[in-house]
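Hi,

Here is the structure I promised to send over.

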Amino acid sequence: MDFSLKYQKYMIPASDEIINMVLSYVKVKANGQPLDMALDVGCGTGRYTLPLAPHFKKVLGLDISESQLRLAKEMTLANNVTYMVAPAENLPLRDASVDLVQVGLAAHFFTLDKFINESVRVLKTRGCLAVHAGEMSTELEYKNLSDSLNVVMSEVIY
């Protein structure tokens, strides 16, 4: 647990600007429909999980660290937030069941092609995948969309 306490104390805090940008995009994509489910993958201690709670009926934080999730649970008061140990490459959710798959400062730990395939599988038709990091140092590859994804990433980042 010592690592998780240090992680929570010294890790970059959640960015309101990023959260607001993601939420505004998700709401446009939802086209007035209620937001049912958000998934925060690699959630750590829940820094980006908790700000999603007021905007969704349910929020699920996933991480492979039991110690991180234990601390996240201790700090969570919202009734609509749950946590689960699971890898990013094998999301424990039904197909087309999620409005938002969110990853904050954790994608560098994932096998990206497997994670993106899983994200596409669990996202609803008008769902949103939001991945943000301190610096994007890798190119995204996904089927025939690689060039388009990397153009979008370069516009957002720079």
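Before the details, one term: a salt bridge here is a side-chain nitrogen of Lys or Arg within 4 Å of a carboxyl oxygen of Asp or Glu. Please keep in mind that this is a predicted model, where local features need pLDDT of at least 70, side-chain atom pairs count only at pLDDT 80 or more, and totals for chains, interfaces and linings use all residues. Residues are numbered from 1 along each chain as its sequence is written, and side-chain values use heavy atoms, with hydrogens and water left out.

On to the salt bridges. Searching the whole structure turns up five of them. One joins Lys57 to Asp36, with 3.3 Å between the closest N and O atoms. Lys57 sits in the loop between strand E1 (37-41) and strand E2 (58-63), while Asp36 is in the loop between helix H2 (16-30) and E1, so this pair ties together parts that are 21 residues apart in sequence. (Helices, H or I with at least four residues, and strands, E with at least two, are DSSP runs numbered from the N terminus.)

Lys57 counts as exposed at 52%. Asp36 is partly exposed at 25%, and Lys124 is partly exposed at 25%.

Arg121 pairs with Glu118, the closest N and O atoms being 2.9 Å apart. Both lie in helix H4 (residues 112-122), three residues from each other, or about one turn of the helix. Arg121 is partly exposed at 26% relative accessible area, whereas Glu118 is buried at 13%.

As for the overall picture, the protein chain has five helices and five strands, in the order α-α-β-β-α-β-β-α-β-α along the sequence. It has 158 residues, and 44% of them count as buried. Taking contacts (heavy atoms within 4.5 Å) between residues at least 6 apart in sequence, 64% join residues at least 24 apart.

Cheers

How values were computed: Buried < 20%, exposed > 50% of the residue type's maximum accessible area, 1.4 Å probe, protein only.
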